[in-house]
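Hi,

Here is the structure I promised to pass on. Have a look at it first, then read my notes below.

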Amino acid sequence: HRMSMRSWAKYARVTMAGALLASAIGVSGAPIVAAQEETDCSDIAGGVDFPETVDGKFNVAMVLIGPHNDGGWSQAHFEGLQYMCENMDETHVAYMENVAEGADAEQVFRSLARKGFDYIIGTSFGFMDPMELVAEEFPDTMFLHVSGYKSNGENFGNIMGAMEDMKYLAGMLAGSRAKLDGNPKTGYMATFPIPEELRLGNAFQLGALETCPECTMDVRWINTWHDPAIEREAAASLFDSGSQVVFTGADTPAPAAVAEELGDKWGITYDWQGSCTSPNCLTAPYWLWGAEYTRIGEEIQAGTYTPGWEYFDAETGGMGLYGFMEGEELTPGVAELPEEDVQLVRDTLAAMLAGEFDRFDVFAGPIIDNEGNEVLAEGEKLVQNDLDQFPPGAEGLECETCMYWWAEGVEAALP
């Protein structure tokens with residue numbers, strides 16, 4: 001059972017005292033007692049109630065859109081918080097889960113700042129504006145927003161990773177599988193009509209076209225980040241409409257679960273390394289947030305962190321593709337694919353991890369949209385403002401090409 005913060009503090013004082021006494025009198029086995037001082041990072045304080053800070057510690061709070069064990073986006077962030085707990089000295093971490101975007105998030109950020117948390121992390125796109133507002137009220141608190149596109153350059157920073165790298169590779173696998181199965185059609189469960197979802201969907205389709213030039217992609221907008229029932233319904237709808245492989249922008253492994261029920265279909269899960277457990281899961285693009293969160297936390301502690309816009313690529317180790325990373329094995333559905341397609345994925349991933357292929361290479365011309373228009377000419381690449389925004393872009397961060405188009409082969413209207 002999870003200890004209260006008061007009980008935890010009392011426990012820590014008692015075990016610390018015991019360790020010091022044992023050390024002083026030379027009792028055999030003192031190192032075992034000393035080990036009990038360490039924070040149990042598998043049992044972090046949090047939930048739906050407001051956590052407390054710990055005096056004398058660097059206090060970190062994370063705000064999650066879904067449950068911390070959702071098997072997807074929120075669990076990947078929570079494991080990043082556990083990583084911080086294990087790797088940062090004199091640090092206390094806590095979290096709040098199932099926090100709705102909008103007014104609820106604003107109240108949560110304000111309350112955590114009032115409680116004295118030093119570093120507050122918001123992990124959903126819709127937390128952006130509430131966090132920006134609260135950051136103005138608490139200039140001595142550092143706020144970090146994941147996804148989005150805003151920063152005040154003082155105490156409100158922005159970070160996101162180029163998951164389009166891994167979606168591109170997943171698209172290669174999906175295209176190869178669909179082609180092998182004689183049904184060149186994939187399906188995309190998109191969450192909300194924001195630039196991120198078009199960017200990731202387009203990256204997937206561009207990858208699919210590398211291994212299956214005739215592949216098309218269907219789209220379902222589900223308007224949720226986490227709703228197991230709606231996600232299952234959307235996956236079933238895409239399969240019923242003819243998709244051979246379905247991937248998702250939401251939290252749960254619904255595409256693989258429904259594919260397994262159908263038997264001859266395939267799903268691609270998302271966000272969390274442990275999500276691809278079904279025999280009908282091809283792969284999972286996943287996040288590893290711990291190192292980035294820890295780096296920023298240590299910079300805040302040292303007084304060297306400058307909030308801004310950070311966007312990391314695969315060479316940082318902040319993301320992976322299930323079945324292709326060190327210690328992982330190919331899934332059954334990938335092991336059957338043509339060797340040249342699997343090798344293409346391996347080679348492209350190796351170039352990404354070496355820093356030789358990045359998000360701008362994913363979105364390099366020539367690119368044609370699904371209406372036959374040229375998005376990018378040969379030799380051209382999108383820039384960051386194009387990846388992040390619908391036209392015209394934020395003031396001072398205007399985009400030229402922008403992310404309001406579907407790639408060739410996508411059978412869907414723009415939102």
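Glu90 sits in the loop between α3 (73–87) and β3 (91–96). (Helices and strands here are DSSP runs: helices are H or I with at least four residues, strands are E with at least two, and both are numbered from the N terminus.) Phi of Glu90 is near 50°, which is a positive value in a residue other than glycine. With a relative accessible area of 52%, Glu90 is exposed. The cut-offs are these: buried is under 20% relative accessible area, exposed is over 50%, and partly exposed is in between, with a 1.4 Å probe and protein chains only.

Before you go further, two notes on the source. This is a predicted model, where local features need pLDDT of at least 70 and side-chain atom pairs count only at pLDDT 80 or more, while totals for chains, interfaces and linings use all residues. Residues are numbered from 1 along each chain as its sequence is written, and side-chain values use heavy atoms, with hydrogens and water left out.

Asn98 is another residue with a positive phi, about 55°, although it is not a glycine. You'll find Asn98 in the loop between β3 and α4 (103–115), and at 44% relative accessibility it counts as partly exposed.

Now jump to Glu137, which belongs to helix α5 (residues 128–137). Glu137 is partly exposed, at 39% relative accessibility. Glu137 and Glu90 are 47 residues apart in sequence, and their C-alpha atoms are 26 Å apart in space.

Helix α7 (residues 195–211) has 17 residues, which at 1.5 Å a residue should span 24 Å; its end C-alpha atoms are 25 Å apart, which agrees. (The expected span is 1.5 Å times one less than the number of residues.) Of the 17 residues of α7, 16 are buried, so this helix is largely enclosed by the rest of the structure.

Helix α12 (residues 339–353) passes the same check: its 15 residues should span 21 Å, and the end C-alpha atoms are 21 Å apart. Which residues of α12 are buried? They are Asp341, Val342, Val345, Thr348, Leu349, Ala351 and Met352. As background, an α-helix has 3.6 residues a turn, so residues three or four places apart point the same way. The buried residues of α12 pack against α6 (163–180), α7, β13 (319–321) and α11 (332–335). Just after α12 comes Gly355, with a positive phi of about 80°.

Next, the cis peptide bonds. The bond from Gly365 to Pro366 is cis, with omega near 5°, and Pro366 lies in the loop between α13 (359–362) and β14 (367–368). The bond from Pro391 to Pro392 is also cis, with omega near 5°, and Pro392 is in the segment after α14 (384–388).

Finally, the whole chain. It has 14 helices and 15 strands. Its radius of gyration is 23 Å, close to the 22 Å that the globule rule gives for 415 residues, so the chain is as compact as a globular protein of that length. (The radius is taken over C-alpha atoms, and the rule is 2.2 Å times the number of residues to the power 0.38.) Along its principal axes, the C-alpha trace spans about 75 × 50 × 40 Å. Buried residues make up 55% of the 415. Among contacts (heavy atoms within 4.5 Å) between residues at least 6 apart in sequence, 65% join residues at least 24 apart.

Cheers
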